[in-house]
Amino acid sequence: MEKFRIVRISIDLLLILLIALYIITGFGITEYHVVETITFSVLSKPVSHLIHSNLIIPFLIILILHVLLSTKMISYYRKLFGK
Amino acid sequence: MKKIIALLVGFLFIILVFSGCVQEELFLDAVEVREYNGEKLSSIFDFRENSIKGTQYINKSNYLLKITGLVKNQKNYTYNETINNFQNYKKVITLHCVEGWSVKILWDGILVKDLIEESEPLEGTNTLIFHAYDGYTTSLPIEYAEGNNILLAFKINNVTLPPERGWPFQLVAESKWGYKWIKWVTEIELSDNADYEGYWESRGYSNNADLNKSYFDD
């Protein structure tokens, strides 16, 4: 169960990271002056655009994994505590 | 209770900041039309400001549109000469921005091909490089501009282009992504360098910029 917990937490953290990246690259497209300055031109408008438009599939995979693992975790605790 | 109110105010503030619902203040010299030949048009206020250095304010009294590069006769036109010496045309064209928004607008302008024919392009010229007042550049094949009757617009929805929309001239690069629609045009340079890359093109966007392709494909 400990391994399962570690995997679940890793998936959750990855999901948070992807959400943050999705938002930052989104701003990197529309508010590129600000984002380019903050990231020292690492996230330029085209780079943000490229990342943002290719992020949807990894995001969906991780989101589905997150939902599935959370559901599994809930059913495990229900079994454990007899509810 | 105070916490709930603070949360609500914060939430509303975030919505206000990020929804883009704050309308720009533009001075227009006429009332814009919102319908043309039965077609509904977007508003001048529907554009989003995304230029590289913000709005450019150009002085009409010393403005010159330069036609330079591989031409027999280099020309300089004042604003009035440009709009009065060439035939004016109207077109309803939609601008599609790579950011995801689009606007359907009635454009009034002159044909780019009329401008360049007057300067007599030299043999081997294949590219038009457009320069803007803020240093922005972009390029288009000369064949594209001639074959598609591309406009250099000075009116938008029957209103003179305000500085925020590119006064004196904005290129109406129909069937191309928005970054080809250069505003505040000051110079058209004729060149034989078909691989010239403008501001956004040199930073990763497609030089071709065809609407039916991805803006990263060349």
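At what angle do H1(A) and H3(A) pack, and how far apart are their axes?

A: This is a predicted model, in which local features need pLDDT of at least 70 and side-chain atom pairs count only at pLDDT 80 or more, while totals for chains, interfaces and linings use all residues. Residues are numbered from 1 along each chain as its sequence is written, and chains are lettered from A and ligands numbered from 1 in the order in which they are written.

The axes of H1(A) and H3(A) are 8 Å apart, and the two helices pack at an angle of about 140 degrees. Helices (H or I, at least four residues) and strands (E, at least two) are DSSP runs, numbered from the N terminus. An axis is a line fitted to C-alpha atoms, for helices over the stretch in contact, and angles run from 0 to 180 degrees between N-to-C directions. H1(A) and H3(A) are therefore oblique to each other; angles under 35 degrees count as roughly parallel, over 145 as roughly antiparallel, 65 to 115 as roughly perpendicular and the rest as oblique. The crossing of H1(A) with H3(A) is left-handed. A crossing has that name if the near helix is turned anticlockwise from the far one by less than a right angle, and is right-handed if clockwise.

On the H1(A) side, the contact is made by Leu21(A), Tyr22(A), Thr25(A), Gly26(A), Gly28(A) and Ile29(A), and on the H3(A) side by Lys45(A), Ser48(A), His49(A), Ile51(A) and His52(A). Two residues are in contact if their C-beta atoms, placed from the backbone, lie within 7 Å. Sorted by class, this contact has 4 nonpolar, 6 polar and 1 charged residues. Ala, Val, Leu, Ile, Met, Phe, Trp, Tyr, Cys and Pro count as nonpolar, Asp, Glu, Lys and Arg as charged, and the others, Gly among them, as polar.

H1(A), residues 2-30, also meets helix H4 (residues 56-81) of chain A; the two axes come within 9 Å and cross at roughly 145 degrees. This crossing of H1(A) and H4(A) is left-handed. H1(A) contributes Arg8(A), Ile11(A), Asp12(A), Leu14(A), Leu15(A), Leu18(A) and Tyr22(A), while H4(A) contributes Pro58(A), Phe59(A), Ile62(A), Leu63(A), Leu65(A), His66(A), Leu69(A) and Met73(A). The classes in the contact of H1(A) with H4(A) are 12 nonpolar, 1 polar and 2 charged residues.

Between helix H2 (32-38) and helix H3 (45-54) of chain A there is a loop that holds Thr39(A). Thr39(A) has 14 C-beta neighbours inside 10 Å and so counts as partly exposed. A residue is buried if 20 or more other C-beta atoms lie within 10 Å of its own, exposed if 12 or fewer, and partly exposed in between, with C-beta atoms placed from the backbone. From C-alpha to C-alpha, Thr39(A) is 9.7 Å from Gly28(A), and the two are 11 residues apart in sequence.

Chain A also touches chain B, in a contact that takes 7 residues from chain A and 6 residues from chain B. The chain B side consists of 3 nonpolar, 1 polar and 2 charged residues.

Chain B has 4 helices and 12 strands. Of its 218 residues, 32% are buried. In strand E9 (residues 151-156) of chain B, 6 of 6 residues are buried. Two strands pair if DSSP finds at least two bridges between them. E9(B) runs antiparallel to strand E6 (residues 102-111) of chain B, with 5 bridges joining them; Gly109(B) stands opposite Ala153(B). With strand E11 (residues 170-172) of chain B, E9(B) pairs in the antiparallel sense over 3 bridges, and Leu151(B) has Val172(B) as its bridge partner. Strand E10 (residues 159-160) of chain B pairs with E9(B) in the antiparallel sense over 2 bridges, with Thr160(B) opposite Lys155(B). E9(B) and E10(B) form a hairpin with 2 residues between them, and Asn157(B) in the turn has a positive phi of about 50 degrees.

Most residues other than glycine have a negative phi, and most peptide bonds are trans. The peptide bond from Trp167(B) to Pro168(B) is cis, with omega near 10 degrees, and Pro168(B) is in the loop between E10 and E11 of chain B. Trp184(B) has a positive phi near 55 degrees and counts as buried because it has 25 C-beta neighbours inside 10 Å.
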